[in-house]
Amino acid sequence: MNTYILPFANISSDPSVWNEVVRARSISEAEDKIMREITEDWDLDIPTDWGDFKDILFKENVIIGDIQDIEEL
């Protein structure tokens with residue numbers, strides 16, 4: 001299992017930044033875990049893929065960076 005990190009930024013009138021960290025076997029699995037967690041926690045529409053997830057978040061004034069394996073940083 002690897003540890004992946006993904007930066008988020010809220011670009012609304014009350015801006016903030018944070019990182020989501022997940023343990024997964026691959027980047028694809030990490031993306032799936034992050035999409036599931038954020039979608040459930042924020043009560044968002046279920047995305048069809050990673051690009052759709054980014055579009056949904058952008059409509060919520062949130063942008064995300066590139067997911068990285070922390071061992072590669």
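Ring pairs join Phe8, Trp18 and Trp42 into a cluster; rings of Phe, Tyr and Trp (its six-membered ring) pair if their centres lie within 6.5 Å. The model is predicted, so local features need pLDDT of at least 70 and side-chain atom pairs count only at pLDDT 80 or more, while totals for chains, interfaces and linings use all residues. Residues are numbered from 1 along each chain as its sequence is written, and side-chain values use heavy atoms, with hydrogens and water left out.

**Aromatic pairs**

- The structure holds 3 aromatic pairs.
- Phe8 and Trp18 form a stacked pair, with 5.2 Å centre to centre and 10° between the planes; planes under 30 degrees apart count as stacked, over 60 as edge-to-face and the rest as tilted.
- Phe8 lies in strand β1 and Trp18 in strand β2, so this pair ties together parts that are 10 residues apart in sequence. Helices (H or I, at least four residues) and strands (E, at least two) are DSSP runs, numbered from the N terminus.
- Phe8 counts as buried at 3% relative accessibility, whereas Trp18 counts as partly exposed at 24%. Buried means under 20% relative accessible area, exposed over 50%, and partly exposed in between (1.4 Å probe, protein chains only).
- Trp50 and Phe53 form a tilted pair, 5.2 Å centre to centre with 40° between the planes. Both residues lie in helix α2, 3 residues apart, about one turn of the helix.
- Trp50 is buried at 17% relative accessibility, and Phe53 is buried at 1%.

**Nonpolar core**

- The largest nonpolar core has 17 residues, of which Phe8, Ile34, Phe53 and Leu57 touch the most other members. A nonpolar core is a set of buried Ala, Val, Leu, Ile, Met, Phe, Trp, Tyr and Cys residues joined through side-chain atoms within 4.5 Å.
- At least two residues of this core come from each of β1 (2-10), β2 (16-24), α1, α2 (50-59) and β3 (62-64).

- Ala30 lies in helix α1 and counts as buried at 0% relative accessibility.
- Leaving aside its neighbours within four places in sequence, Ala30 is in contact with Tyr4, Val22, Ala24 and Ile67.
- Ala30 and Asn2 are 28 residues apart in sequence, and their C-alpha atoms are 9.1 Å apart in space.

**Salt bridges**

- The structure holds 2 salt bridges, a salt bridge being a side-chain nitrogen of Lys or Arg within 4 Å of a carboxyl oxygen of Asp or Glu.
- Glu29 meets Arg25 in a salt bridge at 3.9 Å, N to O, and Arg25 is exposed with a relative accessible area of 61%.
- Glu29 also forms a salt bridge with Lys33, where the closest N and O atoms are 3.7 Å apart.
- Glu29 and Lys33 both lie in helix α1 (residues 27-42), 4 residues apart, about one turn of the helix.
- Salt bridges link Arg25, Glu29 and Lys33 in a network.

**Surface patch**

- Ile11, Phe58 and Ile63 form a nonpolar patch on the surface, with about 280 Å² of accessible area together. Accessible areas come from the Shrake-Rupley method with a 1.4 Å probe; for residues, only the protein chains shown count as cover.
- Patches are made of residues with over 30% relative accessible area and no salt bridge; like charges are joined within 9 Å and nonpolar side chains (Val, Leu, Ile, Met, Phe, Trp, Tyr) within 5 Å.

Note on methods:
Contact means heavy atoms within 4.5 Å.
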